[in-house]
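Colleague: I would like to learn how to read a strand in a model. Please take me through one case.

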Amino acid sequence: MTKLDRRTILASGALALAGTAVQGSPAEAQAGPKAMFPVPATTIPIVGETDVFQVRRIYCIGRNYAAHAIERGSDPTREPPFFFQKPTDAIQNVAVGVVADHPYPSLTKNYHHEVELVAALKSGGANIPADKALEHVYGYALGLDMTRRDLQNGMAAEKKPWEIGKSFDHAAVIGPIHPASKTGHLANGAISLAINGTVKQSSDLKNMIWSVAEQIAKLSEAFELKAGDIIYSGTPENVGPVVKGDVLLCKLEGLPDMSIRIV
């Protein structure tokens, strides 16, 4: 029988400890849970930049032009602003100079256009004063808040949330973002939408009931705003239906046109 001396026993113990250390390495011990599958980030191109704007949340204000509020059955002289959200991945990017195909969505037979100015935030906070609000705006874009109006109206009539009318695939059409450092802050300027060459919506940003700065201030009372948030700032009057084959041309003074084809 082989006799083990003290030196052999100590050496064997050290090797065993070393093996244990390799199996339970610090990297393995510190590794956290892994995502089951990748979820792509939603981004918007920025004019003149290689970087892109990553979207965190999409906020929209309702009935922010007096004439549109009236056509939707509201009293613009009394109603405080109200907001709703769309899912981040509802974004459909439309490049300048391109007529992008836009799919007519399911479940609706009354699909409406709503052209809007969109503000993109580079920072945020809670309870932001209106006179400081524009400091948080990175830039502006031209957008379309597409709406399944029959679904929205049906849910509203039943006093149920009308998210299904506003939140669906491709519901947030948007052109590229233009940095405010180049465009300035957009508080006035003609905004319009034409279908197949016939103007349907036509107004001016100065006719908004609540300015972009006031929208940011009001939103920040309810939510902590952050970089990556975008705000659809309301649509003028004469919203209406579109059908397959229609070509929509959106215009906003100071920004390039944006166009989609309903398919």
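## Reading strand 15

Modeller: This is a predicted model.

Colleague: Which residue of strand 15 is the bridge partner of Ile-58?

Modeller: Ile-230 is the partner of Ile-58.

Colleague: In which sense do strand 8 and strand 15 pair, parallel or antiparallel?

Modeller: Antiparallel: strand 8 (residues 115–121) pairs with strand 15 over 3 bridges. Within that pairing, Val-118 has Tyr-232 as its bridge partner.

Colleague: How should I read the side chains of a strand?

Modeller: Side chains in a regular strand alternate between the two faces of the sheet. In strand 15 (residues 229–232), Asp-229 and Ile-231 point one way, while Ile-230 and Tyr-232 point the other way.

Colleague: Are these residues of strand 15 buried or exposed?

Modeller: All of them are buried. For the chain, 43% of the 263 residues count as buried.

Colleague: Why does Cys-60 count as buried?

Modeller: Cys-60 counts as buried because its relative accessibility is 0%, and the cut-off for buried is under 20%. Cys-250 is also buried, with a relative accessible area of 1%.

Colleague: How many disulfides does the structure hold?

Modeller: The count is 0.

Colleague: And the wider setting of the strand?

Modeller: The chain has 7 helices and 18 strands. Among its contacts with a separation of 6 or more, 75% are between residues 24 or more positions apart. The accessible surface is about 14,100 Å², and carbon and sulfur atoms account for 56% of that surface.

Notes: Residues numbered from 1 in each chain as written. Predicted model: local features only at pLDDT ≥ 70, side-chain atom pairs only at ≥ 80, totals over all residues. Heavy atoms only, no water. Helix = DSSP H or I, 4+ residues; strand = E, 2+ residues; numbered from the N terminus. Buried < 20%, exposed > 50% of the residue type's maximum accessible area, 1.4 Å probe, protein only. Contact = heavy atoms within 4.5 Å. Areas by Shrake-Rupley, 256 points an atom, 1.4 Å probe, with all protein chains shown as cover. Pairing = 2+ DSSP bridges. Disulfide = S-S within 2.5 Å.
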